[in-house]
Amino acid sequence: METRRLEIFVALVDAGGFKQAAASLFITPPALSQQISRLEKDVGVALIDRTMRPIVPTEAGREFYFRCRRVLEAMQHITQLLDDERSHEFGRVRVGIVPAMMYSTPAKAVRRFIRAHPAANVQVRSIATSLLIDELEQGSIDVAVLLTQPDLKDLSSTTLFSEEYLACLPLDHALADQDEISFAELRSERILQGPRVANPAGYDAVVAACMRAGFSPRTLEVMGSYMDHAAMVSAGMGVGFMPESLSDIHPHDVVYRRLVNPPVGLTASISWFERRLDSVGRAFVRHCITELSDLEGLTPTEGES
């Protein structure tokens, strides 16, 4: 958007003379005079009274001067907004994170993004998986971090990471002294799991592991985050599972032990509609893919649909 002649005209009026204005603009006085003449030809009226020393704007020139200043100030503001947009500092991203992951690595990635982009408007919601998928489809959120990949038209989804579960047991459980626990040893236990819709792959992997060990699990469905599941274990409601990345968080009276024969775990993904994202949303998706695929102790995976 060309505003050079407007800038020259404002500089001339402010300086009160061609020589002074030309020096501030780093051009010669004849070149400045030529630009003003072209501007006057474009607008069709005389803008400068050249007979006066110092020069002064004509009546039309005075009105034109004030309007030019407003235009230039508006252009400066627009330029700053565009610079912010290009640097991912301007815009909004509404993020949905399944409750089970709110104490885990995705929440930490959100925190690092906010620190890196303090001017960005980042909003986070944590509600049930089915509701997050509905909000993503309806446009109430821009990005969803889930334990499943929704099957929605034009939706982009990328696997972020996979990690193994640890068995979560009451501190006084008969198996608590062992370093490793096989699924066969959980035959008589009540198995705590979140709703299947929240994590179909992880839910089915636990059931399949139990079946391979020769029994059908007695499953108690529990809601909320993994910390909520651990609290239920502490209350004696059964045994549960904890992502390895959360093993440094110990609710009261529970222990974590490695699962073997077979190991099972979770797979987290990020989903978004590309056409709905501004530069902040796109930067957030790239940030999550990079950050969560490179975290130490996790198993990075790749895939996009």
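Gln-193, leaving aside residues up to four places away in sequence, touches Gly-202, Tyr-203, Val-206, Val-207, Thr-219, Leu-220, Glu-221, Val-222, His-229 and Phe-241, where contact means heavy atoms within 4.5 Å. The model is a predicted one, in which local features need pLDDT of at least 70 and side-chain atom pairs count only at pLDDT 80 or more, while totals for chains, interfaces and linings use all residues. Residues are numbered from 1 along each chain as its sequence is written, and side-chain values use heavy atoms, with hydrogens and water left out.

Gln-193 sits in strand β8 (residues 190–193); helices (H or I, at least four residues) and strands (E, at least two) are DSSP runs, numbered from the N terminus. Because its relative accessibility is 6%, Gln-193 counts as buried, the classes being buried under 20% relative accessible area, exposed over 50% and partly exposed in between (1.4 Å probe, protein chains only). A polar atom of the Gln-193 side chain lies 3.4 Å from the backbone oxygen of Tyr-203.

Val-255, in strand β11 (residues 254–260), is likewise buried, at 9% relative accessibility. Apart from neighbours within four places in sequence, Val-255 is in contact with Ala-167, Cys-168, Leu-169, Pro-170, Leu-171 and Ala-176.

The largest nonpolar core has 68 residues, and those with the most contacts inside it are Met-101, Phe-183, Leu-186, Tyr-226, Ile-270 and Phe-284; such a core is a set of buried Ala, Val, Leu, Ile, Met, Phe, Trp, Tyr and Cys residues joined through side-chain atoms within 4.5 Å. Strand β6 (residues 156–170) supplies the largest share of this core, seven residues. A second, separate core of 21 residues includes Leu-6, Ala-11, Phe-18 and Phe-64. Leu-186, once its neighbours within four places in sequence are set aside, is in contact with Leu-175, Ile-181, Ile-191, Phe-215, Val-239 and Leu-259.

Two helix pairs can be described next. Helix α5 (residues 105–116) and helix α9 (residues 279–293) have axes that come within 10 Å and cross at roughly 130 degrees; axes are lines fitted to C-alpha atoms, for helices over the stretch in contact, and angles run from 0 to 180 degrees between N-to-C directions. The two helices α5 and α9 are therefore oblique to each other, given that angles under 35 degrees count as roughly parallel, over 145 as roughly antiparallel, 65 to 115 as roughly perpendicular and the rest as oblique. Their contact involves residues including Ala-109 and Phe-113 of α5 and Phe-284 and His-287 of α9.

Helix α1 (residues 4–15) and helix α3 (residues 29–43) pack with their axes 10 Å apart, at an angle of about 115 degrees, and α1 and α3 are therefore roughly perpendicular to each other. Among the residues making this contact are Leu-6, Phe-9 and Leu-12 of α1 and Leu-32, Ile-36 and Leu-39 of α3.

| Residue | Phi | Loop |
|---|---|---|
| Asp-154 | about 65 degrees | between β5 (143–146) and β6 |
| Asn-261 | about 55 degrees | between β11 and β12 |

Asp-154 counts as exposed because its relative accessibility is 51%, and Asn-261 is exposed, with a relative accessible area of 60%. The peptide bond from Asn-261 to Pro-262 is cis, with omega near -5 degrees, and a cis bond also joins Arg-53 and Pro-54, where omega is about 0 degrees. Pro-54 lies in the loop between β1 (48–49) and β2 (56–57).

Methods. A polar contact is a pair of N or O atoms within 3.5 Å; within protein, one must be able to donate a hydrogen and the other to accept it, and residues adjacent in sequence count only if both atoms are side-chain atoms.
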